[in-house]
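Me: I have a new model open and would like to go through it piece by piece. Start wherever you like, and I will ask as we go.

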Amino acid sequence: MDIVAVLVTAFWAMLPAYVPNNAAVLTGGGPPIDGGRTWNGERILGDGKTWRGTGGGIAAGAILALLLNAVHPTLQDVLAVQLPAPFPPAVVLALPTGALLGDITASFLKRRTGRERGAAFPGLDQLDFVVMALVLTAVADWGWFTATFTPEVLATVLLITPLLHVSTNVIAYKLSLKSEPW
Ligand code: CTP
Ligand code: K
Ligand code: MG
């Protein structure tokens with residue numbers, strides 16, 4: 001694959017995992033997933049992980065994956081670039097669910113290490129969602145996963161994701177959608 005094809009594949013395949021965290025910011029609120037419960041004096045997850053945000057985030061990512069599938073044939077012709085095979089149904093769900101599961105796992109680890117809601121955890125903040133999205137996708141459809149995420153595409157994903165994450169969060173912060181720029 002040439003460099004353009006690698007970049008396009010990495011970005012296209014990860015889009016349904018990029019959108020859920022941002023959609024959760026917009027749809028979040030209401031009852032927290034942990035129901036306010038604590039463990040060793042700290043919240044299990046905290047008020048930043050809600051049912052509404054999680055549901056809204058998964059829905060947004062899945063809808064985006066279906067939209068990408070719908071425009072796949074046309075775009076492949078128009079752009080004359082090799083796109084990854086359409087998202088199989090299990091992957092449509094695995095990408096956004098994995099992204100939010102990664103984010104929830106990170107909050108669990110933040111609370112266990114004494115970090116309050118909104119505190120930064122450099123490294124974890126930028127990669128939690130991508131790692132879990134990839135793991136769930138590999139479990140959901142190993143054939144599609146290995147055909148799409150070749151070693152060079154995987155390396156590109158791990159490189160561009162932190163950059164995209166940092167920049168979109170700074171934008172969301174500047175637009176007052178988020179209370180911290182991470
Ligand atoms: N959000 C949500 N449900 C999720 C993830 C996010 O409702 N599963 C919403 C919450 O309103 C949250 C906001 O999106 O405050 C920003 O998400 P994030 O930065 O992940 O949460 P924080 O509030 O920073 O909490 P934490 O320290 O646990 O990450
Ligand atoms: K987060
Ligand atoms: Mg945060």
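**Loops, helices and core**

Reply: Asn 40 is exposed, with a relative accessible area of 72%, where exposed means over 50%, buried under 20% and partly exposed in between, computed with a 1.4 Å probe on protein chains only. Before going on, note that this is a predicted model, in which local features need pLDDT of at least 70 and side-chain atom pairs count only at pLDDT 80 or more, while totals for chains, interfaces and linings use all residues. Residues are numbered from 1 along each chain as its sequence is written, chains are lettered from A and ligands numbered from 1 in the order in which they are written, and side-chain values use heavy atoms, with hydrogens and water left out.

Me: Where does Asn 40 sit, and what is its phi?

Reply: Asn 40 belongs to the loop between strand 1 (38–39) and strand 2 (42–43); strands here are DSSP runs of E with at least two residues, helices are runs of H or I with at least four, and both are numbered from the N terminus. Its phi is positive, about 55°, although Asn 40 is not a glycine. Most residues other than glycine have a negative phi.

Me: What about Ser 176, where is it and is it buried or exposed?

Reply: Ser 176 lies in the segment after helix 6 and counts as exposed, at 64% relative accessibility. Its phi is near 65°, again a positive value in a residue other than glycine.

Me: Changing topic: how do helix 2 and helix 3 cross?

Reply: The axes of helix 2 (residues 51–79) and helix 3 (residues 89–112) come within 8 Å and cross at roughly 145°, the axes being lines fitted to C-alpha atoms over the stretch in contact, with angles from 0 to 180 degrees between N-to-C directions. The crossing is right-handed, a term used when the near helix is turned clockwise from the far one by less than a right angle.

Me: Which residues of the two helices meet?

Reply: From helix 2 the list includes Gly 53, Gly 57, Gly 61, Ala 65 and Asn 69, and from helix 3 it includes Val 92, Pro 96, Leu 100 and Ile 104, with contact meaning heavy atoms within 4.5 Å. The residues of this contact divide into 9 nonpolar, 6 polar and no charged, where Ala, Val, Leu, Ile, Met, Phe, Trp, Tyr, Cys and Pro count as nonpolar, Asp, Glu, Lys and Arg as charged, and the others, Gly among them, as polar.

Me: And how far does helix 3 span?

Reply: Its end C-alpha atoms are 35 Å apart, which agrees with the 34 Å that its 24 residues should span at 1.5 Å a residue, the expected span being 1.5 Å times one less than the number of residues. Helix 3 also holds Ser 107, which is buried at 4% relative accessible area and, leaving aside neighbours within four places in sequence, is in contact with Ile 44, Leu 45 and Lys 49. Helix 3 is followed by Gly 114, whose phi is positive, near 75°.

Me: Which residues have the most contacts inside the largest nonpolar core?

Reply: They are Met 14, Phe 87, Phe 149 and Val 157, in a core of 29 residues; such a core is a set of buried Ala, Val, Leu, Ile, Met, Phe, Trp, Tyr and Cys residues joined through side-chain atoms within 4.5 Å. Helix 1 gives the most to this core, with 8 residues.

Me: What does Met 14 touch?

Reply: Met 14, which is in helix 1 and buried with a relative accessible area of 0%, touches Val 130, Leu 134, Phe 149 and Val 157, not counting residues up to four places away in sequence. With that exclusion of neighbours, the partners of Phe 149 include Ala 13, Trp 144 and Leu 154.

Me: Which helices do the buried residues of helix 4 pack against?

Reply: They pack against helix 1 (3–27), helix 3, helix 5 (142–148) and helix 6 (151–174), and among those buried residues are Asp 125, Asp 128, Phe 129, Val 130 and Leu 134.

Me: Last one: where is Asp 141, and what does it touch?

Reply: Asp 141 is in the loop between helix 4 and helix 5, is partly exposed at 25% relative accessibility, and touches Pro 88 and Val 91, residues up to four places away in sequence not being counted.
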